[in-house]
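Colleague: I am new to this one and would like to learn how to read it. Could you take me through some features, giving the general idea before each case?

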Amino acid sequence: MVKDNNTSEPVEILPAITEDERAMKLVLEILAGKIIDIKPELDFSSELGFTYPLVEQTLGITGKETVSILESLVDKGILKKNFFDRFLHCPQCQSLNLRPTTHCPKCSSGNIAHGRILEHFVCGYVGLEDEFVAEGRYVCPKCNTELRVIGSDYQSRGLMRKCHDCSEVFQIPLIKWRCLKCSSLTAEDKVTEQNIYSYSFNEARRGWLEFELKPKPQLIEFLKQRGYEVVENATQRGRSGAEHSIDILATRDDGVITHNIAIGVKAAGDEVSLRDIFDFDDKAYDIGIHEKVLVVVPGLDKEAKTFASQQRIKVLGVRDLETVLASAVPPRDVEVEKEPFEFKSKSQMVAYLKRRGYEVKKAAAVRGRSGAEHNIDILATRDDGIVTHHIAIAIEVSDEPVELGRVFDFDDKAYDIGIQEKVFIASPGLSQEARQFVERQRIRVFEVKELDPSD
Ligand SMILES: [Zn+2]
Ligand SMILES: [Zn+2]
Ligand SMILES: [Zn+2]
């Protein structure tokens with residue numbers, strides 16, 4: 001084997017862990033109860049002067065990166081932040097290790113003293129008590145006269161400060177900050193202030209998170225395995241012209257019908273309300289999707305539950321969803337060949353539907369909401385675990401194009417039964433009027449030149 005000296009040893013490239021993945025890891029630790037309160041600790045040797053030791057150990061990061069992750073979780077509503085302290089930074093080197101120093105307000109000198117201040121009325125000299133003390137007596141350092149009676153030839157002005165450089169006597173000194181790291185001196189108003197926070201988990205988000213982290217990716221996988229195309233946060237324009245966002249939109253064209261399932265996720269601190277269900281139902285209606293699944297965290301109030309069932313919204317709590325996902329039969333037809341929906345007889349059509357996992361009932365008698373019993377040529381049902389699809393199929397064979405009245409009757413029946421997936425098979429075709437009607441009513445039409453009516 002020839003050794004190629006130009007080729008260096010392969011470098012193992014570790015997958016870069018993104019900030020999001022780190023944040024995710026932190027969230028998992030919090031949910032597991034391994035990290036509870038996130039409190040800063042002072043550490044002047046660190047980048048920011050404080051650290052979050054537990055978070056930093058867990059994620060293997062420090063400084064600004066830690067704060068950035070914590071703040072991103074605050075933005076998502078997962079963490080709450082609480083004021084912990086306000087820190088001052090050296091504007092030169094960012095160190096937190098600052099010490100306040102006092103200065104003369106007139107000349108800025110740091111050479112000042114604090115003590116009792118005496119004023120000698122005779123010569124007007126003002127100075128610290130120390131300056132007057134001489135062998136157990138008070139003697140004015142300016143005019144060398146002994147001070148005698150307080151209030152008469154001298155007075156005490158109390159505790160004040162005096163500048164040794166310019167002799168200014170003052171009450172309030174100027175404050176400056178000495179950086180103990182880079183030694184620079186900064187005026188009080190030029191120092192950088194920073195609030196630092198402690199962080200805690202927002203318990204109201206627990207249910208939502210428990211959905212996002214586990215059942216949601218599983219649900220998406222489940223749908224994909226069943227031939228659905230899945231789009232998260234899908235934007236759809238409704239008939240009203242408004243744009244709606246659907247948490248998960250699952251679409252599957254099985255040759256007969258394109259199934260659209262709108263899956264909404266509603267999480268609330270306590271109970272999901274009627275208002276939330278309304279919003280979801282309105283959106284789905286405007287977009288024209290009637291297969292509706294709503295994942296609610298933690299649950300629904302009674303009113304909302306009633307409304308949801310009236311509107312045929314399948315409501316699943318996180319636990320229900322987990323049960324559905326765990327107990328679902330593996331998909332029957334992982335990859336059905338894309339064959340066109342073509343047939344020459346009813347039995348061929350039935351076979352086609354069966355290959356696609358539908359249970360088929362011919363000449364099905366179904367009672368509608370009005371109480372009337374309807375006869376449906378073919379009723380195809382498929383339970384794909386999360387939603388049960390019902391398709392009503394009408395077959396009309398005639399010598400002439402099928403008239404509006406026939407399509408209208410079928411639409412009426414389907415409405416009364418509550419089936420929204422409608423397929424109309426017309427042989428040899430539809431009249432102009434009927435065609436306009438089916439478009440408006442979202443009836444899928446297959447025009448077949450010849451259909452053997454006996455089979
Ligand atoms: Zn004097
Ligand atoms: Zn001074
Ligand atoms: Zn500094």
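Colleague: Which residue forms a salt bridge with Glu193?

Modeller: Side chains of opposite charge can pair when their charged atoms come close. A salt bridge here is a side-chain nitrogen of Lys or Arg within 4 Å of a carboxyl oxygen of Asp or Glu. Glu193 pairs in this way with Arg86, and their closest N and O atoms are 3.5 Å apart. The two residues link distant parts of the chain, 107 residues apart: Glu193 is in strand 14 (residues 192–201) and Arg86 in strand 4 (residues 79–89). Strands (E, at least two residues) and helices (H or I, at least four) are DSSP runs, numbered from the N terminus.

Colleague: What should I keep in mind about the model and its numbering?

Modeller: This is a predicted model, in which local features need pLDDT of at least 70 and side-chain atom pairs count only at pLDDT 80 or more, while totals for chains, interfaces and linings use all residues. Residues are numbered from 1 along each chain as its sequence is written, chains are lettered from A and ligands numbered from 1 in the order in which they are written, and side-chain values use heavy atoms, leaving out hydrogens and water.

Colleague: Are Glu193 and Arg86 buried, partly exposed or exposed?

Modeller: Buried means under 20% relative accessible area, exposed means over 50%, and partly exposed lies in between (1.4 Å probe, protein chains only). Glu193 is exposed at 51%, and Arg86 is partly exposed at 44%.

Colleague: How many salt bridges does the structure hold?

Modeller: There are 23. One of them joins Glu119 and Arg157 at 3.4 Å, N to O. That pair also links distant parts of the chain, with Glu119 in strand 6 and Arg157 in strand 10, 38 residues apart. Glu119 counts as buried at 18% relative accessibility, whereas Arg157 is partly exposed at 35%.

Colleague: What separates Glu322 and Arg319 along helix 9?

Modeller: About one helical turn, because they are three residues apart in helix 9 (residues 318–327). Glu322 is partly exposed at 26%, and Arg319 is exposed at 53%. Salt bridges that share partners join Glu210, Arg319 and Glu322 into one network.

Colleague: Which side chain of opposite charge is nearest to Arg161?

Modeller: For charge, Lys and Arg count as positive and Asp and Glu as negative, while His and the chain ends are not counted. The nearest such partner for Arg161 is Glu188, 12 Å away, and Arg161 is buried with no salt bridge. Arg161 lies in strand 10 (residues 154–163), and its side chain reaches the backbone oxygen of Gln171 at 3.2 Å.

Colleague: Which residues are the donors of the zinc ion (ligand 2)?

Modeller: Donors are N, O and S atoms within 2.8 Å of the metal (3.2 Å for Na, K and Ca); water is not among the atoms, so sites may look incomplete. For this ion they are Cys104 (SG), Cys107 (SG), Cys163 (SG) and Cys166 (SG), at 2.1 to 2.5 Å. Their spacing along the chain is C-x2-C-x55-C-x2-C.

Colleague: And which residues hold the zinc ion (ligand 3)?

Modeller: Its protein donors are Cys90 (SG), Cys93 (SG), Cys179 (SG) and Cys182 (SG), lying 2.2 to 2.4 Å from the ion. Cys179 is buried at 1%, but Cys182 is partly exposed at 33%.

Terms used. Polar contact = N/O pair within 3.5 Å; in protein donor to acceptor, adjacent residues only side chain to side chain.
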